Amino acid sequence: AAMVKETIRVYARVKPLGRRQQAGSYAVDNEEPLPSLEITVPRDLADGFINNKRESYKFKFQKIFDQEAKQDVIFDSIAKPVAECVLAGYNGTIFAYGQTGSGKTFTITGGAERYSDRGIIPRTLSYIFDQLQKDSSKVYTTHVSYLEIYNECGYDLLDPRHEASRMEDLPKVTIMEDSDQNIHLKNLSLQQATNEEEALNLLFLGDTNRMIAETPMNQASSRSHCIFTIHISSKEPGSATIRRSKLHLVDLAGSERVAKTGIGGHLLTEAKYINLSLHYLEQVIIALAEKNRSHIPYRNSMMTSVLRDSLGGNCMTTMISTLAMDKRNIDESISTCRFAQRVALIKNEAVLNEEIDPRLMIVQLKKEIQDLKDELALVTGKQRTSELSQEELLQLDELIEAFLKDNDADSSLDVGADMRKIKYCFVHMKQIINHPMTSGKKLLSQDISEEKNSNEEVEKLKGLLQQRDNEINILVTMLKKEKKKAQDALSQLNATSAGSTVLEQSPYMSLEESQSPSRCFSLKDAKDFSSSVPRLPLLSRATGEKMSLGCQEAFEVFKRDHADSITIEDNKQLLKQRFDEAKCLGEKLNEVRNKINHLKGKIIQRQIQRTALAVSNPSEELTFDPVEENLRMQIEEEKKSYKAVYGCFKGLKVEIEHLQLLMEKVKMKLQKDFEVWWSEEAKKFQQEKPEMVTSPNIATVYPQFIRSSQHLSRNSSSDTSRGSLYEDPAVKNNSITLGNPTLKTRTPPSSSTSIPLTGDSQADADILAFIKARQNILQKKGKSCQ
Ligand code: ADP
Ligand code: MG
């Protein structure tokens with residue numbers, strides 16, 4: 001198999017400094033031949049007195065991306081080459097290594113706010129699907145999987161049962177090794193993704209499942225490894241060889257040391273675990289770097305087992321060291337760089353992954369056997385005695401005819417290794433040569449028809465007439481269909497012309513194929529569209545559950561206070577803009593389509609005219625028609641512009657979908673933050689005023705909160721579902737106004753100014769907690785205003 005020798009490429013990316021962070025001292029030198037990053041540390045710690053000498057460390061990287069490097073540059077220089085290898089049939093791995101907060105997730109998955117912030121995974125998916133679409137020489141199949149490893153246990157982030165159950169209750173992903181030492185992952189689903197959109201939806205689904213599993217007590221993201229894998233298999237049509245390759249995109253757990261984070265108890269065990277698995281990763285990497293090392297300790301941890309074929313050996317591996325270069329994190333950055341230097345020593349051999357499809361192999365072998373049998377029969381002279389069938393004879397006639405007509409000197413007459421057929425051919429050829437007029441008539445009818453027979457001519461014209469009749473019938477039916485479709489499309493357009501609009505999903509079909517060219521882009525309501533995006537689990541979990549009135553108002557306040565709501569607003573504006581643009585493009589596409597249809601109509605008319613002419617005036621030959629040719633050329637032009645506009649439209653569509661998913665994600669995060677905050681407020685309240693609370697478990701922490709709010713809603717008159725809280729805030733402006741100390745709430749029907757107690761202890765406790773919390777907010781607001 002083909003082989004490529006490569007060291008692991010190691011890059012560094014420096015995260016932009018936060019507003020209140022003090023810059024550490026470092027210098028980037030990206031000059032050839034070896035880019036380097038130099039970090040300088042003041043030596044003031046050792047003996048408690050300040051030493052003016054500075055210590056500096058120099059690290060070499062493939063390339064260093066400083067603070068201002070944008071996501072597209074990162075993709076182009078780091079991920080694209082790996083994606084190309086994967087498309088060529090090699091395995092690839094990109095992993096991000098660095099302390100928590102240094103930008104691993106930002107680099108691998110992307111930021112949750114802007115479209116331009118999307119990271120390596122979405123960009124790689126987009127690139128790969130683009131490339132696959134361009135290559136029609138092979139048949140491709142793509143799948144994705146998304147694995148999270150937490151405390152040495154594997155979880156399938158794409159398991160559809162996530163919605164219904166907690167992560168801990170799902171079947172764990174386990175490693176199995178077959179007799180060839182290949183690794184198989186049990187309980188990890190491979191989801192087929194036929195296009196970019198489906199793959200992106202799966203990514204977001206996994207990210208959301210990950211977010212939901214995370215609670216304030218369990219910030220799993222910094223302690224777990226996430227491996228998003230794109231599996232590609234390809235096959236040339238007719239070939240028995242399947243090429244398989246996979247690309248792992250790995251967001252590793254935070255690399256920070258336990259001592260520094262200073263956490264105790266349960267968390268310490270977790271932290272120890274993570275360091276342990278990164279430690280094993282390091283061990284594997286060191287072992288791989290050593291020459292003549294026969295044993296590589298892959299089995300020590302789940303992560304190294306999973307990445308086994310993607311670290312050493314058969315893989316193109318790339319590591320991105322993410323660095324936070326502020327003063328407080330310089331130590332961690334240095335240890336990240338040190339790790340990177342060790343990784344850079346490994347040499348990998350990437351091997352093409354080819355295997356044979358047994359079914360196709362059988363077909364090939366069968367054919368080979370038949371050929372061999374034929375050959376054997378030929379050599380031994382033992383012929384099958386049966387006569388050639390009528391069909392076989394006709395086939396032979398055709399072959400002979402084609403052979404005789406072919407002017408190519410290299411053409412050959414291949415009838416297979418069958419003596420009967422070979423003999424027949426010789427006999428037939430002899431006849432043709434000796435008696436060209438009689439025996440060759442059937443074979444060479446075209447060539448000898450120069451002697452025109454008037455009878456024959458009449459027959460021919462009759463046939464032509466019949467043919468034209470049929471054509472006219474077909475054309476008329478086509479015209480009728482077109483008319484009906486145009487009417488349908490028109491009424492559809494009229495029915496849905498109001499409001500914000502979006503284009504129907506994947507309306508593309510190749511113009512060449514389309515016999516029904518009037519298929520229109522129907523414009524649908526935006527809400528319809530977003531509901532066609534698979535529902536993310538948190539929202540679907542929320543449907544059917546009610547939030548209490550108080551809770552809703554608190555949520556409104558919280559929402560306005562929350563930084564993310566600005567993002568939501570921004571994105572909403574952007575989305576609206578994009579919708580408008582998409583609408584414009586859609587209209588343009590329809591316009592071009594109409595033009596094409598019009599031109600097609602003209603061609604059909606022209607053909608009908610000419611056919612009619614030919615029928616009434618048979619002596620006139622149907623020849624080349626320059627008018628029709630001109631029309632066809634115009635159509636070609638229109639098709640070109642159609643394709644160009646469609647390209648823009650498709651790009652826009654991807655962006656719109658991405659934005660919608662981003663927004664849903666931010667909204668969900670907002671809701672989660674609110675739930676946490678709410679339950680904390682409730683807890684505080686309970687601690688302060690225990691005598692007012694009869695139920696001991698009101699201060700339950702998320703996710704029990706959801707149950708208590710459901711409980712509360714039975715006593716409230718509100719019908720607002722949690723999902724509808726996401727509606728435009730402008731519509732809900734009748735909620736409380738901040739900064740107004742005399743609170744105006746939307747009052748429940750039971751009371752006007754008094755506290756709307758329900759008589760239900762748990763519900764009442766929630767309400768009281770809310771009021772207390774609201775006062776807190778107002779106090780804070782008041783202070784900040786003074
Ligand atoms: P990690 O996954 O390593 O814990 P994150 O990717 O979550 O770190 O980054 C922490 C924060 O810093 C996030 O809010 C993220 O958006 C931001 N961030 C990280 N890298 C960048 C970058 N290159 N540009 C802008 N923001 C960044
Ligand atoms: Mg992260």
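This is a predicted model: local features need pLDDT of at least 70, side-chain atom pairs count only at pLDDT 80 or more; totals for chains, interfaces and linings use all residues.
## The chain as a whole

The protein chain contains 22 helices and 19 strands. Of its 786 residues, 43% are buried. The accessible surface of the chain amounts to about 42900 Å², and carbon and sulfur atoms account for 53% of that area. Sequence separation gives another view of the fold: among contacts between residues at least 6 apart in sequence, 75% join residues at least 24 apart.

## Two loop residues with positive phi

Glutamate 152 belongs to the loop that connects strand S8 (139-150) with strand S9 (153-156). Its phi angle is positive, at about 65°, although glutamate 152 is not a glycine. Asparagine 187 also has a positive phi, near 70°, and is likewise a residue other than glycine. This asparagine is placed in the loop between strand S11 (183-186) and strand S12 (191-192). At 34% relative accessibility, asparagine 187 counts as partly exposed.

Which residues lie around ligand 1? They are Arg13, Lys15, Pro16, Gln99, Thr100, Gly101, Ser102, Gly103, Lys104, Thr105 and Phe106. By type, this shell divides into two nonpolar, six polar and three charged residues. Helix H2 (residues 104-108) supplies the largest share of the shell, namely three residues.

| Residue | Part of the residue | Distance to an oxygen atom of ligand 1 |
|---|---|---|
| Lysine 15 | N or O atom in the side chain | 3.3 Å |
| Serine 102 | polar backbone atom | 3.3 Å |
| Phenylalanine 106 | backbone N or O atom | 2.7 Å |

Taken alone, ligand 1 exposes 560 Å², and the protein buries 65% of that area.

A database record can be set beside this picture. In an unreviewed UniProt entry, the annotation "binding site" covers Gly98, Gln99, Thr100, Gly101, Ser102, Gly103, Lys104 and Thr105.

Two residues named in that annotation, Lys104 and Thr105, may be examined in turn. Lysine 104 is located in helix H2. Its relative accessibility is 8%, so lysine 104 counts as buried. Leaving out residues up to four places away in sequence, lysine 104 touches Ala96, Tyr97, Gly98, Gln99, Asp251, Leu252, Ala253, Gly254 and Thr322. Threonine 105 is also placed in helix H2. At 36% relative accessibility, however, threonine 105 counts as partly exposed. Once its neighbours within four places in sequence are set aside, threonine 105 is in contact with Gly110 and Asp251. Asp251 is therefore a residue touched by lysine 104 and also one in contact with threonine 105.

Is glutamine 71 buried or exposed? Glutamine 71 counts as buried, because its relative accessibility is 4%. This residue is found in helix H1 (residues 71-87). Its side chain makes a polar contact of 2.9 Å with the side chain of arginine 13, and Arg13 is one of the residues around ligand 1. A polar atom of the glutamine 71 side chain also lies 2.9 Å from the backbone oxygen of aspartate 117. Not counting residues up to four places away in sequence, glutamine 71 touches Arg13, Phe106, Thr107, Gly110, Ser116, Asp117, Arg118, Gly119 and Arg123.

Serine 411 occupies the loop between helix H12 (390-405) and helix H13 (419-434). Its side chain reaches the backbone oxygen of aspartate 408 at 3.1 Å. Apart from neighbours within four places in sequence, serine 411 is in contact with Phe403 and Asp406.

Asparagine 630 lies in helix H20 (residues 626-688). This asparagine is partly exposed, as its relative accessible area is 41%. From C-alpha to C-alpha, asparagine 630 and isoleucine 603 are 9.7 Å apart in space, while 27 residues separate their positions in sequence.

Methods. Residues are numbered from 1 along each chain as its sequence is written. Chains are lettered from A and ligands numbered from 1 in the order in which they are written. Side-chain values use heavy atoms; hydrogens and water are left out. A residue is near a molecule or strand if one of its heavy atoms lies within 4 Å of it. A polar contact is a pair of N or O atoms within 3.5 Å; within protein, one must be able to donate a hydrogen and the other to accept it, and residues adjacent in sequence count only if both atoms are side-chain atoms. Accessible areas come from the Shrake-Rupley method with a 1.4 Å probe; for residues, only the protein chains shown count as cover. Helices (H or I, at least four residues) and strands (E, at least two) are DSSP runs, numbered from the N terminus. Ala, Val, Leu, Ile, Met, Phe, Trp, Tyr, Cys and Pro count as nonpolar, Asp, Glu, Lys and Arg as charged, and the others, Gly among them, as polar. UniProt positions are given in the numbering used here, feature names are shortened, and annotations may be inferred rather than shown by experiment. Buried means under 20% relative accessible area, exposed over 50%, partly exposed in between (1.4 Å probe, protein chains only). Contact means heavy atoms within 4.5 Å.
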